[in-house]
Amino acid sequence: MRKRLIYIIACLFLFAIPQIFAQSRGNDSSKIIRQRISINNNWNFFKYDSISNSDHLIYDERPELINRSDDKEADAQPTEGVIIETKRKVLKPWILPAGNSFIKNLADRHARPEGNPGSDFPFVQNNFNDGEWEIVDLPHDWAIKGPFQEGDRPEVGGGMGRLPINGVAWYRKKLDIPASDKGKSFFLDIDGAMSYAIVWLNGNLVGGWPYGYASWRLDITPHINFGEENQLAIRIDNPNQSARWYPGAGLYRNVWLVKTNRVHVAQWGTFITTEDVSESAATVSLFVSIDNDSEKNSTVEVSSKIYALNASGIITGEAIAVFPSEIINVAAGKQVKISNTTSLNKPRLWGPPPTQAPNMYVAITALKKDGLTLDSYETKFGVRSLDFDLDKGVIVNGEHISIKGVNQHHDLGALGAAFNIRAAERQLEILREMGCNAIRMSHNPPAPELLELTDRMGFLVVDEIFDVWERRKTPLDFHLIFPDWSEPDTRAFIRRDRNHPSVIMWSYGNEVGEQYTGEQGAAVANRLVGIIKEEDPTRPTTSAMNWAKPNMPFPVEMDIISLNYQGEGIRQDPEFEGTNRIRTKPMYDDFHTQFPDKMIFSSETASAFSSRGIYLFPVSKELSSPVRDARGGDSKIAQVTSYELHAVDFGSTVDKVFGSLERHSFVAGEFVWTGWDYIGEPTPYYSARSSYSGIIDLAGFKKDRFYLYQSHWRPELPMAHILPHWNWPERVGEITPVHVFTSGDEAELFLNGKSLGKKKKGEYEYRLRWDDIKYEPGVLKAVAYKNGKKWVEEVVKTTSEPVKLCATVDRNKITADGKDLSFITVEIADKEGLLVPRTNNLIEFSIEGPGEIIATDNGDPTNMVSFSSNKREAFNGLVLVIVRSKAGEKGVIKVKVKSAGLKETKLKIKSK
């Protein structure tokens, strides 16, 4: 009997969220025992106008940038990192100790040198006048407002989005900490800073963290002036050519001030696992790490209780399970780890919709001394079992779940990298509508709140940490810090995210250069896997491979085989013969034969290209074709046809991937490249600003490809989609192919009431094609059938001239917290209200009331108008405007939309 790799895992919640708890004694007023305070508002911000005019407070020397070109193939072989000699004073020795808590071997930890570099620099001084600096709120991405850098020789190229991400900048903020808090511990928690962040408090260099995607903490207690004003100063140094996509810039995630008693639960100090999971019972284990920051030994009682949460994350009822309490001694300046186990009867399991529900629990851990509560710490988690079946794929709570996933980069379109929970939720909602059930975090740790969303919404997650190790893909990417920081980065990443039930596996690399270095590269993988297993032995590990083959040492190290494009084969067309690019035959069977004990899935598939609403002729007869001029692409306008028959040279179209997966039923599923378009990496046209690979465009408008995925991923949904639009006055009498995507198995097409024939899907066919249709204006109608019965109808009409604007809002009620958003879609319509394709009228937005327009977009990857502009041309009839509430101001927000020659429109949004 074949051995199966089974992981039965606890579901966790990413970010154990400490709440504010009070403990009262006698007639004393309540005392707050743990506080996690947002310090996002009212920072003073300054950015140097150039690197040459910036300060000398650098983390480390960097290689000189010689070639600014960034348009090389995405699968180009990474090269050996450059060794540089440090010739001037750098702050690296003072920053390295910030990672000590995440370095296991005490001998490998870093001793802080004597001295206080930067203490005499004006920007870190309490009395420096920053009154002329810009006032910003966090999360803040300094680059997103632009301007875009156009032309053939931009400083920042298309690969990083043509936006000014590079440079050195400072953030300053005053902190008022009362004298009554003396004796408490204070921590600065930064969820993400892009990049090479260095922190001073009251002129004292506290520490920092170079990896821009990491979440990290600094103990600022020794540097606080209690009862006085405290000056926090953070330096960010974001280099050009440090990524293959748009990374954002600055303090782009949330920043917190955490206050605790001196004896407290450590940072990310709890870990919950579950075993023997069934509908009747589950065994829950809780591991707790407790820090004693004081100078005295302390004896404390540790107790924990489990509560059920409702869909809003609120505790319902009394505790449903209790862990045995334990009395422990924590030596001064030390950490103690304990574990306990309890049983949970009839657990409500966490699982992906629609067949399961993402139920959540919370464990509340209390530390008490002499009857007084010192700390109270929440850990949200879920209960579920995972089985990685070698022949079927992922099994959740006994049910086979085919992975219908997408890759997502971390930017939020027109909002840039600055995280916003509503914007991220909107992305997931639209993906869910398509039938998506899984997200791969490509290629870095996400914002903590994104995993809160995947937990709540029931998505499966592949959580990924690195795009590079020691070998580089761009000159200044994070290979420069990997030798020093890979262990602390990895341990911090696992500890932060291991309580999330949505996370089903860890990915420790994406297409890394070490695939090419044999045993040497495998040794790096082995070290990373060892670290991960020490922090979380319950989940499997993987690393995405676009080159490594079954007979190489690299895949041996991973628990699960993760393939990028290799399953369908890479560059197998005759035109690639004799080139020096990666060429690989279809590899699913080879890997399955070599590793019969390992599950296989596709971590990246397709990388198909299209520009929403653009249709180019002639239409390819091939199932999958590269993009070239007159073959799906037009380099003069830098757009790709939406017939959805073209992909990157190393990729495949949707149809080809579907067929490959169905021929290999042992493959667990796929993660499409990509769910949404993203800023940067605009293959095949690096003159553009953003990608073409998304199923959904940068503004959130669905491309035709959306409906092809929906037709296959949601077979129970009656749907049909016709393409292209039917406004072709210049093509009367010319061949204009019509394709239909439907969840039915056959369809009949009509043009102006005349049947053009009925077609039925063959084996491994996923669209219906009428390739010989001669265009005439009028009405196209598709009638789809399933199992011989009428299933659904869809109609596309030739429109009349545009006469008006129509606006719809995703939500007309938002919260007045200064963060909540409404996304307004504007259509250019004819007199019947039909969207008029191929229209690009200039549209202007204005607003009244307690809201503000923060961004506009139209989904056109070539559009170089600043996202912050309130004027924007439509792209094929559509444009988006994003409205944000004002904090503390409730009322009615009024938005007016107008365009010359078109009837304007207005809408209202309630902010409450």
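The following legends describe several close-up views of a predicted protein model.

Residues are numbered from 1 along each chain as its sequence is written, and side-chain values use heavy atoms, with hydrogens and water left out. Because the model is predicted, local features need pLDDT of at least 70 and side-chain atom pairs count only at pLDDT 80 or more, whereas totals for chains, interfaces and linings use all residues.

**Figure 1. Confidence of the model.** The predictor's confidence in each residue is expressed as pLDDT, from 0 to 100. Over the protein, the mean pLDDT is 95, and 96% of the residues reach 70 or more. In residues 1-30, pLDDT stays under 50. For this stretch the model has 121 contacts (heavy atoms within 4.5 Å) beyond four places in sequence.

Figure 2. A pair of aromatic rings is described by the distance of the centres and the angle of the planes. Rings of Phe, Tyr and Trp (its six-membered ring) pair if their centres lie within 6.5 Å; planes under 30 degrees apart count as stacked, over 60 as edge-to-face and the rest as tilted. The whole structure holds 48 aromatic pairs. In the pair of Phe 123 and Trp 170, the ring centres are 5.5 Å apart and the planes stand at 85 degrees, so the pair is edge-to-face. Phe 123 belongs to the loop between α1 (92-95) and β6 (134-136), and Trp 170 to strand β7 (residues 167-177), so the pair ties together parts that are 47 residues apart in sequence. Helices (H or I, at least four residues) and strands (E, at least two) are DSSP runs, numbered from the N terminus. Phe 123 is buried at 11% relative accessibility, and Trp 170 is buried at 0%. Here buried means under 20% relative accessible area, exposed over 50%, and partly exposed in between (1.4 Å probe, protein chains only).

**Figure 3. An aromatic cluster and two charges over rings.** One aromatic cluster includes Tyr 59, Tyr 196, Trp 469 and Phe 554. A charge sits over a ring if NZ of Lys or CZ of Arg is within 6 Å of the ring centre and within 35 degrees of the ring normal. Arg 217 lies over the face of Phe 187, 4.4 Å from the ring centre. Likewise, the charged end of Arg 426 is placed over the ring of Phe 823, at 4.2 Å from its centre.

**Figure 4. The second largest pocket.** On a 1 Å grid over the protein atoms alone, a pocket is an open set of points with protein on both sides within 12 Å along at least five of seven lines, where a 1.4 Å probe fits; lining residues have an atom within 4 Å of a point. Grid points are joined across faces, edges and corners, and a volume is the space filled by probe spheres set on the points. The second largest pocket has a volume of about 1,600 Å³. Its lining comprises 50 residues, of which Ser 101, Phe 102, Asp 291, Gln 335 and Arg 495 lie nearest the centre. Strand β14 gives the largest share of this lining, 10 residues. Other elements that each supply at least two lining residues include β15 (281-292), α4 (482-497) and α5 (518-535).

**Figure 5. Two cis peptide bonds.** The bond from Leu 138 to Pro 139 is cis, with omega near -5 degrees. Pro 139 is located in the loop between β6 and β7. A cis bond also joins Leu 723 to Pro 724, with omega near 5 degrees. Pro 724 lies in the loop between β38 (720-723) and β39 (738-742).

**Figure 6. Two residues with positive phi.** Gln 241, a residue other than glycine, has phi near 50 degrees. Gln 241 lies in the loop between β12 (228-238) and β13 (255-260) and is buried, at 6% relative accessibility. For Glu 644, which is not a glycine, phi is positive at about 60 degrees. Glu 644 occupies the loop between β35 (639-640) and β36 (646-647) and is buried, with a relative accessible area of 1%.

Figure 7. Phe 650 is found in the loop between β36 and α7 (654-663) and is buried at 6% relative accessibility. Phe 650 and Gly 569 are 81 residues apart in sequence, with their C-alpha atoms 8.1 Å apart in space. Beyond four places in sequence, the residues that Phe 650 touches include Glu 73, Tyr 565 and Arg 571.
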